[in-house]
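Here are my notes on this model, for you to read with the structure open.

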Amino acid sequence: MALSRIWSGFIIVAIVVACIKCFFFGQSDIFNWMVIGKADDPLNPLHLNGIIETCLGAVDICLKLIGIMALFMGFMTIAENAGGIRLLSRIVGPFFSKLFPEIPKGHPATGHMVMNFSANLLGLDNAATPFGLKAMESLQELNPKKDVASNAQIMFLCLHASGLTLIPVSIIAARASLKIPSANPTDIFVPCMIATFVATLAAMFIVSFKQKINVFQPVILAWVLGLSTLIGGLVVYLTTLNLKELQSFSGILSNGLILLIFFLIILGGLYKKINIFESFVDGAKGGFDTAIRIIPYLVGMLVAISLLRTSGTFDIIIDGLKSLCTALNLDSRFIDGIPTALIKPLSGSGARGMMIDTMNIHGADSFPGRLAAILQGSSDTTFYVIAVYFGSVAVKNTRYAVGAMLLADLVGIITAITLCYMFFG
């Protein structure tokens, strides 16, 4: 119900704002651009896609997702049939049994979630989505009310949407590839890593509080402290690398790990003497079905987001924040970086474009430019995640998932702003 109201609110607010602009400020062509506008049309003053192009883009996303889904879910099925997912579940079982008490010991859902978190950590979006959708399907099998989000599903998606990523390679690459590139493209790496880690911890604490889970249990603390130490040590090492070395290390670590996983899965299948190719095809069929099933949910969410952006609602919010800071005599430098944070929960590509636009206008090494980069890496696309993941299992009542995710996003935003002032003044 919460998602339904938010979605309706997006559309109503966007159309009301557009009507005011059209009938009171003389922007008579705003309706045209909101409906049939194309971002690459030189005559389009908004430089944004209208709802028609957005619908086509949403379907295009899903069609491209079919191949990726088929590949990874095919390999996941081989791993399941060979017992690899159950082995992974037993390894992390002690920790996950505390955070996900509803999941039976050794259930495949645990392994699927670990694969998703691992892919996210390495910045492998193409792999994270299939693993995550497979995890949602496994969790849905345990869900007694199929149209209502379970506690385990909410915990999983909130942790997923917090966007914990180890190396923000795409952000660093964007800072290095501008017309006037950053003098040190990697200088946002440490604050980016801290911000996304804090957002993930916030998501865990928020959902744990709501579900009455004691996060101070020895097992949970041991895993959190262990991961913190591991990530901290890796961060220290990575800060010693230059840009070229960092990109090389990231490519070897992330893409090499994917190939290693495929290699181990095939070896496991051969060892267990299962029909490997048949298992792959069975899993790939499921990937195709899932990619098609999420089209209506994705179209609906992206259309609402498109209306908000093309109506100029975001510009009104930014102008309002600047006026508020001026009235309170506060430092308003962070306001110019905020558009990235506002768009990130709605659209990953939109936020990336806003980040680059901010760096082009203010400079990659300016305070707003650096802040936009940190904000880009501090969270994931909340509403996209909700639409795709809950849509894949036909969950209609998301309960408090939206509120918990947005609250974790807010923690990430506040942390990013604070870190930007700490690191860059």
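1. First, the rule for charged pairs: a salt bridge here is a side-chain nitrogen of Lys or Arg within 4 Å of a carboxyl oxygen of Asp or Glu. By that rule the count comes to three. Keep in mind that this is a predicted model, where local features need pLDDT of at least 70 and side-chain atom pairs count only at pLDDT 80 or more, while totals for chains, interfaces and linings use all residues. Residues are numbered from 1 along each chain as its sequence is written, and side-chain values use heavy atoms, leaving out hydrogens and water.

2. Have a look at Asp-365. Its side chain meets that of Arg-370 in a salt bridge (3.8 Å, N to O), and Asp-365 also forms one with Arg-175, where the closest N and O atoms are 3.1 Å apart. Arg-175, Asp-365 and Arg-370 are therefore linked in a network of salt bridges.

3. Where do Arg-175 and Asp-365 lie? Arg-175 sits in helix α8 (residues 169-176) and Asp-365 in the loop between α16 (348-362) and α17 (367-376), so the pair ties together parts 190 residues apart in sequence. Helices are DSSP runs (H or I, at least four residues), numbered from the N terminus.

4. Now for accessibility, with buried meaning under 20% relative accessible area, exposed over 50% and partly exposed in between (1.4 Å probe, protein chains only). Arg-175 is buried at 0%, and Arg-370 is buried at 16%. Asp-365 is partly exposed at 29%.

5. The remaining bridge joins the side chains of Lys-134 and Glu-80 (3.9 Å, N to O). This pair links distant parts of the chain, with Lys-134 in helix α6 (residues 125-142) and Glu-80 in helix α3 (residues 51-82), 54 residues apart. Lys-134 is buried too, at 15% relative accessible area.

6. On to the cores, meaning sets of buried Ala, Val, Leu, Ile, Met, Phe, Trp, Tyr and Cys residues joined through side-chain atoms within 4.5 Å. The largest nonpolar core has 71 residues, and those touching the most other members are Leu-99, Phe-100, Met-113, Phe-156, Leu-157, Tyr-389 and Phe-390. Helix α13 (residues 295-310) gives this core its largest share, nine residues. A second, separate core holds 36 residues, including Leu-178, Met-359, Ala-364 and Ile-417.

7. Leaving aside residues up to four places away in sequence, Phe-156 touches Phe-100, Met-113 and Tyr-389, among others; contact means heavy atoms within 4.5 Å.

Note on methods:
Helix = DSSP H or I, 4+ residues; strand = E, 2+ residues; numbered from the N terminus.
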